[in-house]
Amino acid sequence: MPAADAVVLIHGTRTSHSQWDPQVPSLRAAGYRVATPDLPGHGTRLTEPFTVEAALAGIRDAVRAQQGRAVHLVGSSLGGMLAIRAVAQAQLDPQLAPAIRSLTVIGSAVQPTPLTARLYAQLMLAADPSPALAHAAEDRQRMWLLSLLLGRPGARAYLRGGRPGPEVLRPAMASVAAIDLRGALARIPVPVTILSPRFDQLRLQERSFAAAAPQGRLIDLPYGTHSVNLAAAHRFTPELLRILARHRTGTPAPRHTSKGGPA
């Protein structure tokens with residue numbers, strides 16, 4: 001019996017492996033082996049400084065750990081941008097390249113510049129509770145704010161693995177600003193799905209991202225925000241399973257799909 005395909009899920013900025021809590025049970029039930037590595041400076045690696053080199057090494061290690069299984073990489077936000085770079089780099093590695101069968105990225109379809117990366121980091125920091133608050137009050141305020149955005153289950157998943165401080169945000173944003181994402185996509189020979197929630201702020205260049213990949217595909221979702229896998233898990237998880245099933249079987253797909261239904 002052939003080994004089950006593996007799905008490696010790469011989280012976004014200032015959350016952790018727990019971002020994928022809503023998806024992991026369904027992926028395992030569908031027969032996938034699931035890995036949710038933490039990026040440096042996040043989750044179980046909270047004490048490590050964030051560098052793009054360490055982040056890419058962690059993604060490569062997660063792929064190698066699948067022991068020859070077919071691997072489908074899925075990345076959200078910062079994790080999607082890093083996954084694009086990691087898969088492009090893996091094409092130069094004769095051991096890694098055959099293992100990676102597909103890439104799906106969510107909320108990652110924009111090319112940051114040094115200026116926009118700095119501005120985005122400042123905006124995210126401004127949304128944090130005041131550092132003057134007592135720790136317990138700060139935790140309550142953060143949970144309240146995130147529950148408004150993600151729902152209470154989504155907020156719990158976002159925070160369960162810990163939330164890094166502001167020291168990780170600026171180097172993370174600066175790192176992705178230095179990556180030529182469309183150039184990296186052009187070097188990826190496997191199917192690439194750009195998944196764009198309707199109200200995602202990082203979808204500005206989705207069409208050019210999908211066009212840059214030789215087997216690129218854009219899917220517009222009629223719902224969701226940047227954290228769609230948390231805030232709309234009941235709709236997002238089945239969609240992700242459909243994408244992975246198509247990648248798993250090698251079923252051809254149109255270059256651009258716009259999902260119907262209410263927003």
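Colleague: What makes Trp144, Leu148 and Leu149 a nonpolar patch on the surface?

Modeller: In this predicted model, Trp144, Leu148 and Leu149 together have about 400 Å² of accessible area. A patch takes residues with over 30% relative accessible area, and nonpolar side chains such as Leu and Trp are joined within 5 Å. Tryptophan 144 has 54%, so this residue passes that accessibility cut-off.

Colleague: Why is tryptophan 144 called exposed?

Modeller: Its relative accessible area is 54%, and exposed means over 50%, so the word applies. Tryptophan 144 sits in helix H5, residues 135–160.

Colleague: Now to the sheet. How do you know that strand S3 and strand S4 pair?

Modeller: Six bridges join S3 (residues 71–76) to S4 (residues 100–106). Pairing needs at least two bridges, so S3 and S4 count as paired. The two strands run parallel, and histidine 72 has serine 102 in S4 as its bridge partner.

Colleague: What makes S2 and S7 the edge strands?

Modeller: The open sheet has seven strands in the order S2-S1-S3-S4-S5-S6-S7, with parallel pairing. Strand S2 (33–35) and strand S7 (256–258) each pair on one side only. On average, neighbouring strands of the sheet are turned by 15° against each other, ignoring direction.

Colleague: How do you know that helix H3 packs on the sheet?

Modeller: Helix H3 (residues 78–90) touches strand S1 (6–10), S3 and S4. Contact means heavy atoms within 4.5 Å, so that is the test behind the touching. The direction of H3 makes about 155° with that of S4. Helix H10 (residues 233–249) also runs at about 155° to S4, lying across S1, S3, S4, S5 and S6.

How values were computed: Residues numbered from 1 in each chain as written. Predicted model: local features only at pLDDT ≥ 70, side-chain atom pairs only at ≥ 80, totals over all residues. Heavy atoms only, no water. Helix = DSSP H or I, 4+ residues; strand = E, 2+ residues; numbered from the N terminus. Axes fitted to C-alpha atoms, helices over the stretch in contact; angles between N-to-C directions. Patch = residues over 30% accessible without salt bridge, like charges linked within 9 Å, V, L, I, M, F, W, Y side chains within 5 Å. Areas by Shrake-Rupley, 256 points an atom, 1.4 Å probe, with all protein chains shown as cover. Salt bridge = Lys/Arg side-chain N within 4 Å of Asp/Glu carboxyl O. Buried < 20%, exposed > 50% of the residue type's maximum accessible area, 1.4 Å probe, protein only.
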